[in-house]
Amino acid sequence: MKTAREIRQEITELTDKQKVILDAVEQSEERKFTDEQRQQLKDLDGKIERLQKDLQDAEIRERAQERVAAMSGGNPADNSKRSGEDIDNMSQFKWSRFLHHLHMNRNLEGVELEVHQEAVKEARERNSSLKGFGLPSDFFRVLSSEDRQKEDRMREQRDLVVGTATAGGNLVATQQMPMIPALRPTPQVVAAGAQVLNDLVGDVDIPKQTGIAQAAWAGETAAAAETNPTFGVIQMSPKRAAAFVDLGIQLIAQSSEDVQRLIMRDLEFAFALLLDQAGINGSGAGNVPEGVLNANDINTVEIGTNGGALTWAKVVEFLTSVEQSNAPINNPTWLTTPGVKGHAATTEKSANTAKYLSEDGRNLYGMPMLTSTQVPSNLTKGTSVNVCHAAILGDFSQMILGNWGVIDISVGNHRAKEGIREFVINALADVGIRNEESFAVCTDITPN
């Protein structure tokens, strides 16, 4: 079923064909239609009228889908390129059936085959190919919108085995129990304002002006000094992100709907955490994206030779250094460790004033403060070995998280003695920062 956008595109193409015919008539000497031109216009009119009716139906359907998604807490914008039928079909996807066919080396069937075929089509459109079995790029977004709140309770450890209650046995169909989610970091760079670009194709170049033209005073008849703006480019290219999950083969055969959600959310969360970590502290070496803490043109704040406690003067220095760079910082946000947050809430601006760096534990210098254990707390400065924490202040809207194409799933090792099958999942992503000067970082805070 075609989307409203696809139908509008078809109407535009047919209208353009009509315009070509009308222009040809206008440029002819007699300015009259030939029988062939008249018939062509009539045929095009008929097609356009039929498409306009289809468009009305598609718009009604998509508006209804948006209302349903809004009432259920979903985000219809994420699935705008999917028709209602496509979304409904994808929501019928079953991980247990999908993984069972892969484990048994059988051909996919039904909805699972249709989802894979959609991934193959999408990969082909991106001049790519799948090495294993594929899921479309918006697969997680579609399924997540179905029952996000319920899935949030369905995270568990990676190795799932039916025979062990604490490692998956409570997930078989006879045990309908809510699960206690595994403890893990919370992705924060998107919450801080980072922009996400999905469905990218090929390398992405973001133009950037690196220098400006300079004006200067000159004599009445003196020649003006020539200055030219300079330009650069920020390049983003797809980098492989991989994860794997070990599943007991009995669990694959017996799993309930809870496991479908658990597997999906666990994999989705694994990739979200990986991209979040890359945005914060990616090394930029090899196939790893470069994060804020390792960017070349970042503003740096240093506590001391061996690190030290955060002071009010250093807090102010973060914002000052960014402003002195003339960098945009429209919505400055702090991102640091829980240790630094506690340190700021218990450290006085000046001795014996009972005025603390962070008065409420949520803001610092009037700007919101987020925390994540993905921000490193084991750094070294001088004699302070593996105890230094990092802190970032910046306009995170200058950070771009890019996602490319489909999700590729391959069948890995089969540990027959243990009854375990390994499934390897690959995706493509990268991180780009438009203006690195919009951030200031410190990596030698010792909060204890």
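Predicted model: local features only at pLDDT ≥ 70, side-chain atom pairs only at ≥ 80, totals over all residues.

Reader: Why is Ala192 called buried?

Author: The term buried requires a relative accessible area under 20%. Ala192 has 8% relative accessibility, and therefore counts as buried. Ala192 is placed in the loop between α7 (148–151) and β2 (195–200). Leaving out residues up to four places away in sequence, Ala192 touches Thr333, Leu370 and Phe396.

Reader: What makes helix α4 largely enclosed by the rest of the structure?

Author: Helix α4 spans residues 95–103, and seven of its nine residues are buried, so the helix is largely enclosed by the rest of the structure. The buried residues are Trp95, Ser96, Phe98, Leu99, His101, Leu102 and His103. Just after α4, Asn105 takes a positive phi of about 55°.

Reader: How do you know that Asp35 and Arg38 form a salt bridge?

Author: The criterion is a side-chain nitrogen of Lys or Arg within 4 Å of a carboxyl oxygen of Asp or Glu. For Asp35 and Arg38 the N to O distance is 3.0 Å, so the pair meets the criterion. Both residues lie in helix α2 (residues 35–71), three residues apart, about one turn of the helix. A search of the whole structure finds five salt bridges.

Reader: Why is Asp35 described as exposed, and why is Arg38 described as partly exposed?

Author: Exposed means over 50%, and partly exposed lies between that value and the limit for buried. Asp35 has a relative accessible area of 64%, and is therefore exposed. Arg38 has a relative accessible area of 44%, and is therefore partly exposed.

Reader: What makes the salt bridge of Asp430 and Lys239 a tie between parts that are 191 residues apart in sequence?

Author: The side chains of Asp430 and Lys239 meet at 3.0 Å, N to O. Asp430 lies in strand β13 (residues 420–433) and Lys239 in strand β5 (residues 239–248), so the pair ties together parts that are 191 residues apart in sequence. Both Asp430 and Lys239 are buried.

Reader: How do you know that Lys381 and Asp444 form a salt bridge?

Author: The closest N and O atoms of Lys381 and Asp444 are 2.8 Å apart, and the limit is 4 Å, so the term applies. Lys381 belongs to strand β10 (residues 379–381) and Asp444 to strand β14 (residues 439–445), so this pair ties together parts that are 63 residues apart in sequence. Lys381 has 22% relative accessibility and therefore counts as partly exposed, whereas Asp444 is buried, with a relative accessible area of 1%. A network of salt bridges links Glu302, Lys381 and Asp444.

Reader: Which residues touch the most other members of the largest nonpolar core?

Author: That core has 22 residues, and Val189, Val292, Ile392, Phe396 and Met399 touch the most other members. At least two residues of the core come from each of α9 (257–281), β11 (384–394), β12 (399–415), β13 and β14. Leaving aside neighbours within four places in sequence, Ile392 is in contact with residues including Ile280, Val292, Leu293, Trp334 and Val441. In soluble globular proteins, nonpolar side chains tend to be buried together.

Reader: What makes β7 and β11 a pair of strands?

Author: Pairing requires at least two bridges. β7 and β11 have four bridges, in the antiparallel sense, so they qualify as a pair. Within this pairing, Thr333 stands opposite Gly394 in β11. Three bridges join β7 to strand β9 (residues 367–371), and these two strands run parallel. Here Leu335 stands opposite Leu370 in β9.

Reader: Which residues of β7 point one way, and which the other way?

Author: In strand β7 (residues 333–336), Thr333 and Leu335 point one way, while Trp334 and Thr336 point the other way. All four of these residues are buried. In a regular strand the side chains alternate between the two faces of the sheet.

Conventions
Residues numbered from 1 in each chain as written. Heavy atoms only, no water. Buried < 20%, exposed > 50% of the residue type's maximum accessible area, 1.4 Å probe, protein only. Contact = heavy atoms within 4.5 Å. Core = buried A, V, L, I, M, F, W, Y, C linked by side-chain atoms within 4.5 Å.
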